[in-house]
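Me: I've got a protein model open and I'd like to go through it with you. Can we take it piece by piece?

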Amino acid sequence: MAATRSPQPRALMQRTSSSFAAALSPSKLREETETNLDVLLVRYADAITRMRQSEVLKPLLLDPLEHDDVFLLRHVLSTKGQVDKAIVSAEQCITWRRDNASLLARADDLHRTVKEILPVGMLPHASTLDQPIQVVMPFQVDLERFARASLDWHFETGIANREVAFRLCDKITRQKRKLIKVVLLQDLSGLTFSFAYSQYRLGSVQGKLSKISSFVYPQVRERASERRARRARAMPCLS
């Protein structure tokens with residue numbers, strides 16, 4: 001039997017977000033100086049230059065708009081300034097996105113199908129550092145449709161969810177001249193252990209998504225805040 005759905009998921013998300021107010025206070029988020037894009041580009045200019053001069057990346061950096069310094073900066077930061085690792089990460093990212101262009105082109109449509117089964121979306125307001133706030137509420141999941149969905153669907157929608165968040169973060173980053181990450185709020189109240197256990201089959205999908213995200217979406221997710229997380233630790237891979 002499908003879970004009872006809220007007639008107003010947006011309003012439900014807004015009420016849910018209020019319980020995370022403390023987690024979004026400035027003292028618990030990164031300092032402003034660590035997000036200033038222009039400061040970061042100057043600080044890591046040498047690393048970015050070395051990446052551009054790499055024989056591995058030279059033939060791959062074909063799009064000056066997509067593969068600009070901001071793109072390379074995210075890989076430098078995700079590897080803690082280790083240029084060799086940043087080059088590998090950027091190479092994997094460009095190659096994966098090229099090979100999966102058709103999937104990425106369907107991201108918006110796939111993301112809409114997710115929201116028909118599981119309430120997930122961006123709130124209309126941001127954190128104090130202009131970070132978009134994404135809410136996921138597994139306790140409102142349509143259990144019947146969720147269980148019926150194939151592993152391929154779970155993988156593709158997991159990518160779509162990340163792609164939508166990445167596009168938004170990248171847009172705000174360039175507009176605000178800050179390195180923007182999405183803040184994920186996971187409301188686990190009402191999520192039972194029996195449901196979490198029943199989704200054990202998604203473990204391999206979640207692992208695959210995590211591995212891909214490390215180089216396709218570097219420096220995109222701030223961290224996850226959870227409400228009543230002790231009820232169940234396992235999460236659907238859509239988050």
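Me: Which hand does the crossing of H3 and H5 have?
Reply: The crossing of H3 and H5 is right-handed. Keep in mind that this is a predicted model.

Me: What about the angle where H3 and H5 cross?
Reply: It is roughly 55°. The axes of H3, residues 45-53, and H5, residues 83-99, come within 10 Å.

Me: And what do we call that, for H3 and H5?
Reply: Oblique. An angle of 65 to 115 degrees would count as roughly perpendicular, and one under 35 degrees as roughly parallel.

Me: Which residues in H3 and H5 meet?
Reply: From H3, they are Ala-47, Arg-50 and Met-51. From H5, they are Val-83, Asp-84, Ala-86, Ile-87 and Ala-90.

Me: How many residues of each class are in that contact of H3 with H5?
Reply: The contact has 6 nonpolar and 2 charged residues. It has no polar ones.

Me: New topic. Where does Lys-80 lie?
Reply: Lys-80 sits in the loop between helix H4, residues 69-78, and H5.

Me: What is phi of Lys-80?
Reply: It is near 55°. That is a positive value, and Lys-80 is not a glycine.

Me: Is Lys-80 buried or exposed?
Reply: Exposed. Its relative accessible area is 71%, and the cut-off for exposed is over 50%.

Me: What about phi of Gln-219?
Reply: Gln-219 also isn't a glycine, and its phi is positive, about 60°. Gln-219 lies in the loop between helix H11, residues 203-216, and strand S4, residues 221-227.

Me: Why does Gln-219 count as buried?
Reply: Because its relative accessibility is 19%, and buried means under 20%.

Me: Where is Asn-161?
Reply: Asn-161 is in helix H9, residues 151-176. Asn-161 is buried, with a relative accessible area of 2%.

Me: How far apart are Asn-161 and Ala-107?
Reply: In sequence, Asn-161 and Ala-107 are 54 residues apart. In space, they are 7.4 Å apart, C-alpha to C-alpha.

Me: Now the whole chain. How many helices and strands does the protein chain have?
Reply: The protein chain has 11 helices and 4 strands.

Me: What share of the protein chain is buried?
Reply: Buried residues make up 50% of its 239 residues.

Notes. Residues numbered from 1 in each chain as written. Predicted model: local features only at pLDDT ≥ 70, side-chain atom pairs only at ≥ 80, totals over all residues. Heavy atoms only, no water. Axes fitted to C-alpha atoms, helices over the stretch in contact; angles between N-to-C directions. Helix = DSSP H or I, 4+ residues; strand = E, 2+ residues; numbered from the N terminus. Parallel < 35°, antiparallel > 145°, perpendicular 65-115°, else oblique. Left-handed = near helix turned anticlockwise from the far one by under 90°. Contact = heavy atoms within 4.5 Å. Nonpolar A, V, L, I, M, F, W, Y, C, P; charged D, E, K, R; others polar. Buried < 20%, exposed > 50% of the residue type's maximum accessible area, 1.4 Å probe, protein only.
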